[in-house]
Amino acid sequence: MHDELRAALAGLLDGLPPKQAAQAVDRLIANYRGRTPTDAPVLRDRGDVAAYAAYRMPATFEAVRAALAAFAARVPGWSPAAHVDIGGGTGAATWATAATWDGVGSTVLDWARPALDLGRELAAGILPDTTWQRQVIGDGLTVPDGTDLVTVSYVLGELRPEARRAVVDAAATAGSVVLIEPGTPEGYLRIREAREQLIAAGLRIVAPCPHSAACPIVPEDDWCHFSVRVSRSSLHRQIKGGSLAYEDEKFSYVAATRGDAAPAAARVVRKPQLRKGQVLLELCTADDGLRRGTVTKRRGTVYRAARDAAWGDDWPPA
Ligand SMILES: C[S@@+](CC[C@H](N)C(=O)[O-])C[C@H]1O[C@@H](n2cnc3c(N)ncnc32)[C@H](O)[C@@H]1O
């Protein structure tokens, strides 16, 4: 799926001079930087959308895939038949959903027609069971009855507070919901607020939090986020500049369900520190809130598991 997405994106900019693609990315960044939500789509035409897809889609795809993998680990054997991707744009979260489960039927909703058109084009022949539909996020937004999964990725930050509440309310009518935002303090705060809303609507949080009680993080001090490594294709390097072969995409997320699922006992919330004969784990736990654990070599299999643990993993491993 990952390779197919790369191939589709590579074909997308075929024939477009690198300079022109770089200019479109610059325009897009300028549009996004410091902007407040507007009444009109930022992705206005094919140039904007192609730039967005080339510049951001590999990273948003990987972040959503990581969030969905964490959710899927808590609901083994479950898979969604009907999925709705709200503010789905060019379909990164729909690609990630198809990479996580087989046989999903997806509906991508977005107000930007050029994004939907390009998303449809990229997915042609690869995500056949996908419908692309124009929809404004606002009071009238509803999710069809029987929807198993709603994803909302990198959208809440583009919305005014009322629209943000409306989209989370609509998402909360589905069986399960996964929300993803940039892994910044602001992105985390939006996830934190949406998390409260999902709990109030009767859903249970299953990832990343080990419980549905209040988040133990003090927002002035820290923010809950994770990281995923995104390899850069030569196309991506050309568009973004720089020579690094990869970049780390930071993201915040929450996954909640009405189904029969339980969160892990704890989650690794920082990159584990390997010391001589010991591993330091920063954990968010069901019983003790945020806690630092030290696992020494003497603990044998637990120590080996700690050495293998990564930021974002369940703890202890299943
Ligand atoms: C940063 S993009 C994220 C796209 C996609 N979900 C992803 O993860 O790559 C934000 C998307 O939200 C859509 N959007 C923003 N405000 C919206 C609104 N009020 N109604 C519908 N879609 C909206 C934009 O058109 C855009 O496609």
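Reply: Helices (H or I, at least four residues) and strands (E, at least two) are taken as DSSP runs, numbered from the N terminus. This is a predicted model, in which local features need pLDDT of at least 70 and side-chain atom pairs count only at pLDDT 80 or more, while totals for chains, interfaces and linings use all residues. Residues are numbered from 1 along each chain as its sequence is written, and side-chain values use heavy atoms, with hydrogens and water left out.

Me: Which residue has a polar side-chain atom 2.6 Å from an oxygen atom of the ligand?

Reply: A polar contact is a pair of N or O atoms within 3.5 Å; within protein, one must be able to donate a hydrogen and the other to accept it, and residues adjacent in sequence count only if both atoms are side-chain atoms. A polar side-chain atom of Thr60 lies 3.1 Å from an oxygen atom of the ligand, and a polar backbone atom of Ile137 is 2.8 Å from a ligand nitrogen atom. At 2.6 Å from a ligand oxygen atom, the side chain in question is that of Asp110.

Me: What percentage of the area that the ligand exposes when taken alone does the protein bury?

Reply: Accessible areas come from the Shrake-Rupley method with a 1.4 Å probe; for residues, only the protein chains shown count as cover. Taken alone, the ligand exposes 600 Å². The part buried by the protein is 96%.

Me: How do α3 and α4 lie to each other, and what is the handedness of their crossing?

Reply: Axes are lines fitted to C-alpha atoms, for helices over the stretch in contact, and angles run from 0 to 180 degrees between N-to-C directions. Helix α3 (residues 46-74) packs on helix α4 (residues 92-100) at about 40 degrees, with the axes 8 Å apart. The pair is therefore oblique, since angles under 35 degrees count as roughly parallel, over 145 as roughly antiparallel, 65 to 115 as roughly perpendicular and the rest as oblique. A crossing is left-handed if the near helix is turned anticlockwise from the far one by less than a right angle, and right-handed if clockwise; that of α3 and α4 is right-handed.

Me: Where is Pro316 placed?

Reply: The peptide bond from Trp315 to Pro316 is cis, with omega near -5 degrees. Pro316 is placed in the segment after β13 (314-315).
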